[in-house]
Structures are given as structure tokens and as C-alpha cells.
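Take a look at the sequence and the fold shown here. Read the paragraphs below with both in view.

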There are 2 protein chains.
Amino acid sequence: MPYFDYNATTPLHPAALAVWLETAGQAWHNPSSPYRSAAHAHALLEEARERLAAVAGGAPEDYVFTSGATESNNALFDYFARKSPPSARAVVSALEHPSVLEAAQSRFPQRTTLLRAERSGLVRLNNLESTLSQGNVVLVSLMAANNETGVLQPWREALQLCRAKGVPFHCDAAQWFGKLPADVLAECDFVTGSAHKFGGPKGVGFLKISPNQRGFHGQCGGEQEHGHRAGTENLPAIRAMVAALEAYTPRLTPNTAGWESARASFEAALLMAVPGAIIIGANSPRLWNTTMFIAPREANTRWVTLLDKHDFQISTGSACATGKEGPSHVLAAMGFPPDAARRALRISAGWDTTPADWDGLLAALAKVHAEFKN
Amino acid sequence: MPYFDYNATTPLHPAALAVWLETAGQAWHNPSSPYRSAAHAHALLEEARERLAAVAGGAPEDYVFTSGATESNNALFDYFARKSPPSARAVVSALEHPSVLEAAQSRFPQRTTLLRAERSGLVRLNNLESTLSQGNVVLVSLMAANNETGVLQPWREALQLCRAKGVPFHCDAAQWFGKLPADVLAECDFVTGSAHKFGGPKGVGFLKISPNQRGFHGQCGGEQEHGHRAGTENLPAIRAMVAALEAYTPRLTPNTAGWESARASFEAALLMAVPGAIIIGANSPRLWNTTMFIAPREANTRWVTLLDKHDFQISTGSACATGKEGPSHVLAAMGFPPDAARRALRISAGWDTTPADWDGLLAALAKVHAEFKN
């Protein structure tokens with residue numbers, strides 16, 4: 001499939017589809033209702049929580065099912081804003097997904113500190129320790145892997161700095177789950193996941209909460225999710241999400257050198273085929289599936305349109321930001337001027353992407369580049 | 001099917017299932033991505049909005065898709081709390097679903113006025129006009145039909161009182177959609193709907209917003225839903241929800257006397273079979289599908305368990321409140337003591353419920369009653 005936008009969304013994994021159908025057909029009762037078929041649905045819900053914890057680490061009761069990463073991130077900052085004094089501050093990286101950045105700034109207006117980034121795509125942590133020492137910080141948020149550049153962030157180091165100061169640490173891992181082993185994230189106090197980024201259905205995700213933060217409460221109006229989040233549980237989607245993550249888990253390894261080789265060949269050839277292209281974060285640790293590059297000429301929107309005519313689907317950056325039409329805030333945080341950001345293209349592969357797909361994409365990029373030159 | 005808990009949730013309508021499968025299989029791309037297949041998904045999203053408006057009234061751009069009624073209600077009160085001065089008040093009926101009651105009290109702490117109810121199950125509006133005259137009220141919320149008793153509320157009158165004072169009016173119509181014609185609700189400023197109450201999937205719903213309230217904004221972090229609600233759109237569920245509502249719409253009529261006759265026969269026979277039973281809201285306008293009654297003896301939980309053994313599924317009240325184990329706040333608001341509320345049973349039928357199902361339920365109730373007497 002000539003689809004290279006897996007960081008935007010993924011097709012439903014067959015295992016997820018099968019579980020969704022089975023659950024929607026046979027376990028559609030309200031898990032909170034008081035009869036046996038509902039109790040069965042409730043048992044399946046708790047089983048899903050146990051299975052998620054088995055692959056993603058931590059205890060089952062650490063996991064709160066939500067409608068997706070955006071809800072998880074919004075609910076988290078809202079929770080901390082409600083329980084903290086008016087002087088409380090949040091610290092988030094400037095590279096975060098808008099659902100973290102905007103949730104922080106909405107709930108901690110004028111009280112959100114942004115961590116700046118290097119040209120390499122890595123966040124700068126050198127100021128984090130001093131920022132934490134000033135007190136008043138109630139939450140730090142740093143993503144596991146950037147959705148645009150794929151650059152893996154030093155979340156372990158940030159976690160240790162937070163731990164030393166007793167400050168809760170949140171990791172938005174929407175792009176990590178399904179691509180790298182999940183259980184290492186469980187040491188974070190809060191972790192965000194989104195099913196449709198790893199072959200699960202849209203409209204479902206989770207927030208892992210710390211055992212020390214059992215007061216967490218998202219949307220109110222019922223005792224569902226162990227009192228953490230009201231609303232009738234979306235059992236078919238929840239079970240399908242867990243099935244998708246389980247399906248990918250055996251393939252996940254901390255050493256992704258094997259998976260990276262196809263991309264490495266592609267990137268080397270890309271620099272030949274499109275002279276002047278700049279690979280973003282080329283020397284940084286990155287997700288094995290993502291290449292972001294700045295084209296030497298023409299707006300990224302033109303590249304995307306012409307590649308689409310050649311049946312290759314890539315992106316100009318985050319799908320969430322598409323409506324805004326502004327240049328990427330991620331590239332801006334890394335110090336790229338708007339002019340360069342408007343030539344940025346994101347390529348993100350999936351587990352089913354073949355070497356032939358990479359070759360085809362390269363050929364299409366070369367063709368489009370040639371069309372621009374003429 | 002001996003299922004009499006349609007007010008808790010409903011099985012997926014075959015039309016909804018077919019559309020979900022088609023969409024998840026063929027239009028799974030991120031509607032915000034910049035290529036043709038994503039543009040197709042985006043077009044389907046806007047088509048769903050148009051079709052929803054066609055059956056539920058108003059303009060397509062009035063509809064914001066959410067993860068369900070609980071999100072819709074929470075987001076609404078959060079929006080008004082954020083945009084209003086600290087002295088602003090909300091007015092909600094004491095009969096509301098917890099997702100309205102608790103959202104109001106969470107966002108307007110000590111500034112939420114509760115409208116009391118009559119023993120009949122109807123809210124009292126006699127104080128609303130004077131409450132509105134005192135000023136400071138920024139939002140009034142009254143449900144269309146109560147989820148426990150089925151009693152239809154005087155939302156039209158409340159709307160007129162609010163209109164006269166220029167105060168926005170919200171109607172939680174989660175139990176109305178799919179049972180009564182939807183388009184009459186469109187005159188309300190805000191309307192909440194939930195797909196799984198009318199044969200749609202779980203995890204999806206909507207909030208209809210007033211053209212005068214285009215500043216509405218729920219969870220943040222992206223420009224989806226015309227800027228009203230961030231998060232990757234759950235297109236399969238959205239399209240399936242609209243398909244379910246369309247499927248039921250031809251059956252909906254303001255005059256439900258025909259549908260009510262099966263229930264009327266059931267209720268008359270119930271009072272004979274279980275002497276001393278009290279039908280709640282017997283003389284009030286009610287949803288055609290709902291009977292709530294107070295049993296003369298034994299806790300409602302025992303009734304439910306024994307009926308379940310006879311394969312009939314009914315409820316003790318709202319599924320959302322089951323975890324709480326306290327007596328119904330709805331019956332309390334109507335003046336019933338806790339002792340009576342603990343004997344309350346809710347029966348809610350669906351479009352596929354047959355006269356034979358009603359007869360079967362009656363026989364089962366009589367049997368259980370006889371078992372209690374022995």
C-alpha cells in the first residue's frame with residue numbers, strides 16, 4: 001500500500017476488527033447494568049484493562065479508557081488545574097502535540113513554561129532542573145516520540161529530574177505505542193495512548209495514571225472507569241484497541257536497527273534524488289518509521305498533491321494542524337524559519353510497508369522533483 | 001428479545017453496523033490529512049453532518065460530534081464557566097442525568113440552582129421566571145425526557161422563558177432521539193444526543209450548538225469539527241450514528257398512542273399481578289417505551305436478579321448510577337423516600353419489543369412476586 005502517513009492514522013488491524021465485531025454483536029449491554037449479560041460485558045471490560053496492563057506495564061487499575069489522546073491530554077491538565085493552587089505552573093515541551101500544548105495553556109494561562117528544543121529535534125532539558133527548583137510546578141509533560149519528526153525525546157531523563165523533585169511527569173506516547181515496546185513507559189506517572197495510531201479503532205484511547213494520583217477524574221456524571229471517567233464504556237472499541245496492541249507487541253523490540261535499514265536506504269537515495277533536501281533530526285534517535293525532510297523548493301502542499309496523483313500519500317506534518325495552514329510549531333521550536341517549514345514533508349511508514357513501497361515512493365519523489373525543475 | 005433496558009443502551013442497528021464496517025474498511029484515513037482519500041473521508045464527515053441536520057433540524061454547522069452525551073454535557077458547562085464572570089450562575093433541573101448535574105456543580109460550584117420536581121415526575125417551572133429575573137444566569141438546562149421515569153419535561157415552556165430573558169437554553173435529549181421526532185428540539189440553543197441510546201455505536205454522540213454560540217469550544221488541540229472540538233474524527237462511528245437515527249426516523253411520530261397501548265395494557269395488568277405496585281408518573285406525558293414502578297416489597301436488586309434468572313433484563317434505574325448503590329436522585333427529587341426508591345424498577349422497551357415480550361415480562365414479574373410471597 002503506497003500509504004506513508006501512519007503517524008496521522010492507521011487502518012484497522014484485522015484482529016481489532018474481529019474483536020470489535022464480536023463485542024458489538026454479543027457484548028453490547030451496558031457494563032453498568034445489573035444483570036448477567038451486563039456483568040459479562042463488565043468482566044470483558046476489566047479483562048481488557050488487565051490485558052492492556054500486561055503489554056503496557058503497570059497495574060490494570062492504572063488505566064483509564066478515554067475517547068482518545070486528545071481527551072486524555074485535556075483531562076489531565078484540567079485535573080491538575082482544578083486540584084492545584086492558582087499559582088501552580090505546568091511545564092511542557094514546545095514540541096508537544098497541540099492537545100498537550102493548548103490544554104496546558106488553556107488550563108494554566110500565563111503559567112505554562114515551554115521547554116525549548118534543539119535543531120536536532122530534541123527537547124532541551126538543561127533548564128528543567130532549575131525550573132523545577134523554583135517550585136510551584138505541579139506537572140511536567142514531555143512526549144515519547146514527536147509526531148512530525150519522529151525524534152525520540154529524553155523522557156527518561158525528564159522523568160528522573162521530576163522524580164528527584166517529587167513532581168508528577170506525563171508522557172504523551174501516542175506515537176510510541178505500537179512502534180516500540182510499551183512497558184518501559186509504565187514508570188511515568190501519566191501516559192497517553194491513542195488506538196488509531198496503532199491499528200485500533202478511532203475514538204478510543206487511554207490515560208495511564210499513577211497509583212499516587214488515584215484522585216484523577218476526567219469528565220463527570222457517573223462512576224464508570226473506577227470513578228475516574230464518566231460515560232457508558234465503549235467496550236467494542238476498548239477491546240479492539242487492546243487486540244491491536246497485542247497483535248503488534250511481538251514485533252516490538254528496543255533495537256529497531258533492522259526496521260531502520262529500509263528507511264536509511266531510502267533517505268540516502270532521497271538526498272541523491274532530491275539534491276538540497278534536508279532530513280530533520282537525521283542524527284537523532286528517531287522512530288523507525290518516520291522521515292521528515294525539507295524540500296529544496298516548492299511548498300509542501302504542492303509536493304503532497306503531486307505525490308497523491310502518483311498514488312503516494314504523505315503529509316505536510318501533523319494532520320491536526322492541517323486546518324490551521326500555519327507552518328509547523330514543531331519546526332519553529334527547532335529553529336527552522338517559516339519558509340523552510342512550508343517545504344517540510346512527513347513520511348511515516350507502517351509494519352506492512354515493504355522495501356518496494358519505499359522504492360516506489362523514492363521514484364515518485366524523484367518524478368515530482370523533476371516536474372518542478374521543468 | 002426479553003431485553004427491557006433500552007434506556008441503558010441498545011443493540012447496534014443493522015444499518016449502523018453496515019455503515020460502520022464500510023467506513024472503517026474504506027474511509028479510515030484521517031479526515032484532516034491533505035490527500036484525496038482523506039478529502040473523501042472529510043467529505044463523508046460533512047455529509048454525515050448534513051444528514052444529521054436533515055433529520056434533527058437546524059443547520060449542519062450547528063452539530064458538533066463528540067464521544068457521547070457525557071462529553072457533550074461536560075463540555076457545555078465547561079465552556080460557559082470559562083466564558084462567564086465568576087458570579088455567573090447555572091440553572092438545572094434536579095431530575096437531570098448525573099452528567100448534567102455533576103458537570104454543572106463542578107463548573108459552577110455553589111452557583112448552580114436546582115429546579116425541584118413534582119411527585120408527577122415533572123419539573124417545577126414556577127420559580128424559573130423569577131430565578132431568571134435575578135440576573136446572572138448564563139445557562140439553563142432541562143432534559144427532554146427523563147431516563148429513569150420516561151416523563152417528558154416541559155422543555156418547550158422552559159425554552160420560552162429563557163428566550164424571553166435572553167438566556168441560553170440546553171436540552172439533554174439523550175432519551176428523546178430515536179423515540180420521538182427529533183426536529184422539534186432544534187429550536188433549543190444546545191441539544192445533547194447519544195448514539196448508543198438509539199441503535200448507534202457506543203462512544204459517539206453530538207452537541208447541537210446555537211448559531212449565536214459559535215464560540216463554543218470543547219477539548220482543545222486541533223481545528224477539527226469546525227474548530228469546536230479537537231481530536232481525530234471517529235468517522236465510522238459518526239456515520240453509523242447518523243444511519244441509525246435515519247433508520248428510526250420514519251417510525252417516529254408525535255402521537256405515540258399506538259405505541260403506548262402495549263405498555264398501557266402491561267401496566268394495567270401489572271397493577272393486578274403485583275398489588276400495591278405504584279407506577280411512577282402514571283398520569284404524566286411519558287416516553288412510549290418506559291415504565292418505572294415501585295414494587296410493594298423487596299429491594300429492586302432482588303427483583304432484577306430473579307427476573308434475570310427468568311431471562312428478562314430490566315433495571316433498577318439509571319445504569320450510570322448503579323455503581324453508587326444509593327437510591328435514585330430522580331425519585332428523591334420527586335419526593336419519594338429512600339425506602340420507596342430502593343424498590344423502584346425501570347422497564348424500557350424498544351422498537352422491536354413485541355406484545356408477546358410484554359406478556360412474557362408480566363408473567364415473569366407475577367412469578368417473582370409469587371416467589372417473594374412464599
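This is a predicted model: local features need pLDDT of at least 70, side-chain atom pairs count only at pLDDT 80 or more; totals for chains, interfaces and linings use all residues.

Residues are numbered from 1 along each chain as its sequence is written, and chains are lettered from A and ligands numbered from 1 in the order in which they are written.

Start with chain A as a whole. Chain A has twelve helices and ten strands. Both are DSSP runs numbered from the N terminus: helices are H or I with at least four residues, strands are E with at least two. The radius of gyration of chain A is 21 Å, close to the 21 Å that the globule rule gives for 374 residues, so chain A is as compact as a globular protein of that length. That radius is taken over C-alpha atoms, and the globule rule is 2.2 Å times the number of residues to the power 0.38. Along the principal axes, the C-alpha atoms of chain A fill a box of roughly 70 × 55 × 35 Å.

Of the 374 residues in chain A, 57% are buried. A residue is buried if 20 or more other C-beta atoms lie within 10 Å of its own, exposed if 12 or fewer, and partly exposed in between, with C-beta atoms placed from the backbone.

Domain 1 of chain A covers 14–250 and domain 2 covers 257–373. These bounds come from an automatic or database domain assignment. The two domain centres, taken over C-alpha atoms, are separated by 28 Å. Across the boundary, 22 residues of domain 1 of chain A are in contact with 22 residues of domain 2. Contact means that the C-beta atoms of two residues, placed from the backbone, lie within 7 Å.

Chain A also touches chain B. Each side is counted: 55 residues from chain A and 55 residues from chain B. On chain A, the largest share of that side, five residues, comes from α4(A). The side of chain A that touches chain B divides into 19 nonpolar, 28 polar and eight charged residues. Here Ala, Val, Leu, Ile, Met, Phe, Trp, Tyr, Cys and Pro count as nonpolar, Asp, Glu, Lys and Arg as charged, and the others, Gly among them, as polar.

How many residues of α4(A) are buried? Eight of its ten are, which leaves α4(A) mostly covered. Among them are Pro98(A), Val100(A), Glu102(A) and Arg107(A). The buried residues of α4(A) pack against α3, β2, β3, β4 and β5 of chain A.

Move on to α12 of chain A, residues 355–373. At 1.5 Å a residue, its 19 residues should span 27 Å, and its end C-alpha atoms are 27 Å apart, which agrees. The expected span is 1.5 Å times one less than the number of residues. Trp358(A), Leu361(A), Ala364(A), Leu365(A), Val368(A) and His369(A) are the buried residues of α12(A). Seen down the axis of α12(A), they fall within an arc of 140°, so they line one face of the helix. The arc is that of the directions from the helix axis to the C-beta atoms. These buried residues pack against α8, α9 and β10 of chain A. The face turned away from the buried side carries the exposed residues Pro355(A), Ala356(A), Ala370(A) and Lys373(A).
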